[in-house]
Amino acid sequence: MRTTLLSTAALVAASMISGSATAQKAATAPSPESGAPPSWDVLLRGRTHIPTPTTAAITTADLQTRLYIFADDSMQGRLLATAGNVKGVEYIADEVKRMGLAPMGDNGTYFQAVNVVDRKYDAVSKLVVGTMEFAPWTDFALRDQGSGARSLNGVQAIFGGTWGDSASLIAPSATAGKLVVLKVSPAGITQNSGGGVNRAIVTRYFANAAGIAIVSLEAMPPQMIDAFQEPNQLLKEGVDPELPTFLYVNKRVAEALLGATIDSAKAGATGSTVTSTPRFVETPVQYPARNVVAVIRGSDPKLRDEYVAIGAHNDHIGWSTRPAAHDSIYVVNHLFRTGGADDRPPQLDAAQQAQVNALIADIRKKSNGTSARPDSIYNGADDDGSGSVSALEIAQYFAAQKVKPKRSLLFVWHVGEEAGLYGSEWYTDHPTVPRESIVAQLNMDMVGRGAAGDNTGMTKDGAKNHGNPDYVQLVGSRRLSTELGDLAETVNHAEKRPLSFDYSMDANGHPQNIYCRSDHYEYARYGIPIIFFTTGGHADYHNTLRTWLRRSRTSIIARVWTRPSRIRTGSACSRPIAF
């Protein structure tokens, strides 16, 4: 059976050698709300695969060989700046070296170092108001504003009013150099935040304050406070801007700061002085964060100095500290959480739990209990093992051709996409080729699914989409260059069996904002035309499930060559809301 991954890689490869661009009608659209019932056979499959030597052709066997290696448990989920990610990155570099691609990283290597640092709460630091010392994560939760967070030592508190009630707020100028304490109304709470506010907006409003204390800690669920305690790995460049220190505090801290209860305090009233400041500490990461960068030189003397960038991301999200039975996660998600981590965890009623229990019992009988193995690794077979191995297949295909494409092919496996597009932001800010010479970027992120039973996303109006045997989503293909989007259609329709292009996730104003959520966006912000190829979401998204790709659309991505118009129009994306 032709796989999604196989066809997608072939489309990208084809687009790289294609000529003119002519607009064509999109192929069959996806079928909303018509998902096929789940199959449990995947839970009976073996966990290992006997590798075979890869070939110059783009084949399912090659993709399986590469993916079983790249998404193996030994890679530990390829989390940014961990030993598992280092292992995965070095596998990619070894492969491109074996194929004969030229290195385009730092100092003649295949690696580009990305400056990521660890930041965590400094347990030695304290919050002291007058002579009262308060406990972190119980009385207050410090949020990381970077190394430029202002000191609170000797700073006086002032009650700023109620966030969410603009009429009650004091003038920002009155908070300069002070710790502004804010009550929060329901209108000021960010949706699904458990009492949190939009930290960036509040910080901008009180930009000259020494600190900001939001009195809503009691409303926050324990899991959110636990998440606040996790160390952060941040992209670091230059000097962090000076910003107010930002805390969530309980009513006890607020009363100590204001000398009155939060409900009786008057806007503009000043209070006590802080004598010790809680802070974060910054250290180098233990394991390097690295992009892999390689090139196949073009054959045309004039055009070889132009580059088509082909990208994927080499990281995933690591592992869970709470292993769970592999089969139970799979059954629950495929029945009741079909969007994977994009959906809320389901609360099963008695009938649903009985259905799950019966299915699990039957599966375990057929698998002799092996399906119940404890699972803690987020393997990232689809996200983005599928894109990473597709890029390797494309690279091997073109490296073996006697006549190379006219333009050079720049392959970049970005690190830190899951952390916030770190690797692609770094690469586009510090490109190893002249930025203006990159004429297009083709991004593959999650290209291994898209079956009829997969919930691949939603339309702008909220209807669920499902795939089909030829399904792939295109995002951003006409946002910066209509010619690039037209070319993808032309190449696809030239195929004997064209793919079914779905553009529904690229609709203006789509609530999931997919255009801004993968590495292509960092190229687009510089006006570089992009296409984001993906088969969309599914029940296994960001879960500890290594469900190997059933189909592979790699054979079309290997053909998306482009002559894009260099239209320098930008598209602003908002970052995820930080609480």
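## D506 and its loop

Let's start with D506, which sits in the loop between β23 (500-502) and α13 (520-524). This is a predicted model, and in it D506 counts as buried because its relative accessible area is 15%, below the 20% cut-off.

What does the side chain of D506 reach? It goes to the backbone nitrogen of G476, at 3.0 Å. G476 also turns up among the contacts that D506 makes once neighbours within four places in sequence are set aside.

## G450, another buried loop residue

G450 is in a loop as well, this one running between β19 (438-444) and β20 (455-458). Its relative accessible area is 0%, so G450 is buried. Along the chain, G450 and H466 are 16 residues apart, yet their C-alpha atoms are 7.0 Å apart in space.

## The nonpolar cores

The largest nonpolar core takes in 48 residues. Which of them have the most contacts inside it? Those are V202, F206, I214, Y248 and L257. Strands β4 (127-129), β6 (140-143), β7 (155-163), β8 (179-184), β9 (211-215) and β11 (245-249) each give two or more residues to this core, as do helices α5 (222-229) and α6 (251-258). There's also a second, separate core of 42 residues, with F70, V96, A381 and I531 among its members.

Back in the largest core, F206 is worth a look for its list of partners. Skipping neighbours within four places in sequence, F206 is in contact with W163, L169, I170, P172, T175, V180, L182, I212 and P244.

## Helix α6, end to end

Within the helix, V253, A254, A256, L257 and L258 are buried. In an α-helix there are 3.6 residues a turn, so residues three or four places apart point the same way. After α6 comes G259, with a positive phi near 70 degrees.

## Where to be careful

Across the chain, pLDDT averages 88, and 88% of the residues score at least 70. Residues 19-33 are below 50, and this stretch has 47 contacts in the model beyond near neighbours in sequence. Residues 546-571 also stay under 50, with 190 contacts beyond four places in sequence.

Methods: Residues are numbered from 1 along each chain as its sequence is written. This is a predicted model: local features need pLDDT of at least 70, side-chain atom pairs count only at pLDDT 80 or more; totals for chains, interfaces and linings use all residues. Side-chain values use heavy atoms; hydrogens and water are left out. pLDDT is the predictor's confidence in each residue, from 0 to 100. Contact means heavy atoms within 4.5 Å. A nonpolar core is a set of buried Ala, Val, Leu, Ile, Met, Phe, Trp, Tyr and Cys residues joined through side-chain atoms within 4.5 Å. Buried means under 20% relative accessible area, exposed over 50%, partly exposed in between (1.4 Å probe, protein chains only). Helices (H or I, at least four residues) and strands (E, at least two) are DSSP runs, numbered from the N terminus. A polar contact is a pair of N or O atoms within 3.5 Å; within protein, one must be able to donate a hydrogen and the other to accept it, and residues adjacent in sequence count only if both atoms are side-chain atoms.
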